[in-house]
Amino acid sequence: MEPINARFAIEWPGFNLTVDLELPGRGVTGLFGHSGSGKTTLLRCIAGLVRAPEGRLVFRGEIWQDANTWVPTHRRSLGYVFQEASLFPHLTVMGNLRYGQKRAPSSVGAEDRVSLDQAIALLGIDHLLTRKPDRLSGGERQRVAIARALAVSPRVLLMDEPLAALDIARKQEILPYLERLHDELAIPVLYVSHAPDEVARLADHLVVMDGGRVLASGPLKETLARLDLPTAFSEDAGVVIEAVVASHDENYHLSRLDFPGGNVVVAQRKEPVGHRLRLRVHARDVSLALERATGTSIANLLPATVVEIADADTPGHCLVRLDAGGTPLIARITRRSLDHLGVARGKAMWAQIKAVALLGD
Amino acid sequence: MLLSETDLQSIWLTLRLAGVVTLILFIVGTPVAWWLARTRSRLKGPVGAVVALPLVLPPSVLGFYLLVTMGPNGPVGQLTQALGLGVLPFTFWGLVVASVFYSLPFMVQPVQNAFEAIGNRPLEVAATLRASPLDTFFTVALPLAAPGFVTAGILTFAHTVGEFGVVLMIGGNIPGVTRVASVQIYDHVEAMEYGDAHRLAAIMLIFSFLVLLALYLWRPNQKNT
């Protein structure tokens, strides 16, 4: 898959954006940063809703913007989901879905074409088609908005914090649908978010932005495990692990999840053996020991090597990046423990994982 | 209650004038309102002020300038004569032109407000759904601004019906041509025909009240999404 190359420079009063990025042409790319970091403006530049005076955008070999070219938004093969659903209030759900679908050029290859039925089924909105937007709940509206964006058979889906305007219950309602998109769609998705958990759950590739600049761009697992990024400086610092359900223990109602370099045991899962799952291990839930602890209730112990030590969000703590047989881990421990245990780069230790968050619950 | 032939003639003329003017203003006023609602040009202020002028100007002032401009020696008069249309003052179409100017703010301002209330977002959404700007205007902006158009149409029609000063200046008082209902009432009063004046005045009063009542009772049947 050819990549997306984006280079933009914007100078507005009080805001600058300088990016030069190559984004993968497949999978979900999370654009992560605090508000004001420029992630939404970057997305709007890619969509052509903002015209950066000096910009160059090559979408999988097709020039959308350079010194001599400007393809207006309505000629770009993209789908866009805004933070608020922004459905057309004068049209029914079906009218909203058909609005873009009937304007989509028929030149899209049959294999890339998302049919209206497919979009409706993916988002589970077939019972809403005849309703007006004001008769929908917030979560339903956002699902219709996502289906509407897909129904134009876009070659890329741009999502600007699609869950930010929803409460936690509505978020949990929509996230499974977004995961289905991830699993079933061939097109790349650019997903803007300031919520680490959303990004950890959905993204394959992560772009971290701050102050209008790109701090990092790389595969999710490696980028989340970096200690020099603001992602590491929050309460939510941690890593993501791709694991496979290896076995179920019916006696104790536990499941074993395997990943490169080890395994963890968690409360029993309903997924069958062989199913892939994403785990999130927060740095605050990982502690370190010199030897394999025996008299402990913590079941998940992994041998790991210290790779790097860095400052944490408080002066009393530090972050330790570990390599557990190919899987990166971050532990947040006190400075006192660091000195006491003699933690140093290259040292072999045991990581004790107190809790594992399964993404997808 | 019986109305005389000339009374009926003046009512018919009034309705015809108001209808034609409203129709023309839908076509002329909409692009002006769209431009005023969307532009970031420095001309927005001056153009907006010119559009609003008839709200504060005495009708006789507007009528006077139009009379001079459209008269045989005025620039517009010269043009219409060169085109073989003759001069416009003291004709029905002279009244139409004058009324279009006079009622312009009653069309432009409600429509402009309606366009502004839509905001940028629905237009951006339409663009991401492959709609060209023109397509977006007709399929998104116009339907969403529909309540504003209803208000603007009613106000424009009613305001044109209630015109007097401009008509007198530009149209004079020619039966069947420029003698609208308001002028007819004036004639009745001048001639001490208070009974006739009463009948016509009462019709105007009831008409105006009903129009405004309809406007205040009417609520667009849509909620925010």
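In this predicted model, chain A contains an open sheet of five strands. The strand order is β15-β19-β16-β17-β18, and the pairing is antiparallel. Two strands of chain A form the edges: β15, residues 286–289, and β18, residues 327–334. Each edge strand pairs on one side only. From one strand to the next, the twist averages 45°.

The pairing of β17 with β18 in chain A can be followed in detail. Strand β17 covers residues 317–324. Eight bridges join β17 to β18, and the two strands run antiparallel. Across this pairing, His317(A) stands opposite Thr334(A), a residue of β18(A).

Aromatic rings were examined next. Over all chains, the structure holds 14 aromatic pairs. A pair of aromatic rings is described by the distance of the centres and the angle of the planes. For Phe92(B) and Trp93(B), the centre-to-centre distance is 5.5 Å and the planes stand at 80°. This pair is edge-to-face, because planes over 60 degrees apart count as such. The two partners also have their accessibility assigned. Phe92(B) has a relative accessible area of 9%, so this residue is buried, the cut-off being under 20%. Trp93(B), at 48%, is partly exposed.

Chain B also holds an aromatic cluster. Its members are Phe26(B), Trp34(B), Phe115(B), Phe137(B), Phe138(B) and Phe149(B).

In chain A, charged side chains meet aromatic rings. The charged end of Arg103(A) sits over the ring of Tyr99(A), 3.7 Å from the ring centre. Arg148(A) lies over the face of Phe88(A), and here the distance to the ring centre is 5.1 Å.

Key:
Residues are numbered from 1 along each chain as its sequence is written. Chains are lettered from A and ligands numbered from 1 in the order in which they are written. This is a predicted model: local features need pLDDT of at least 70, side-chain atom pairs count only at pLDDT 80 or more; totals for chains, interfaces and linings use all residues. Side-chain values use heavy atoms; hydrogens and water are left out. Two strands pair if DSSP finds at least two bridges between them. Helices (H or I, at least four residues) and strands (E, at least two) are DSSP runs, numbered from the N terminus. Axes are lines fitted to C-alpha atoms, for helices over the stretch in contact, and angles run from 0 to 180 degrees between N-to-C directions. Rings of Phe, Tyr and Trp (its six-membered ring) pair if their centres lie within 6.5 Å; planes under 30 degrees apart count as stacked, over 60 as edge-to-face and the rest as tilted. Buried means under 20% relative accessible area, exposed over 50%, partly exposed in between (1.4 Å probe, protein chains only). A charge sits over a ring if NZ of Lys or CZ of Arg is within 6 Å of the ring centre and within 35 degrees of the ring normal.
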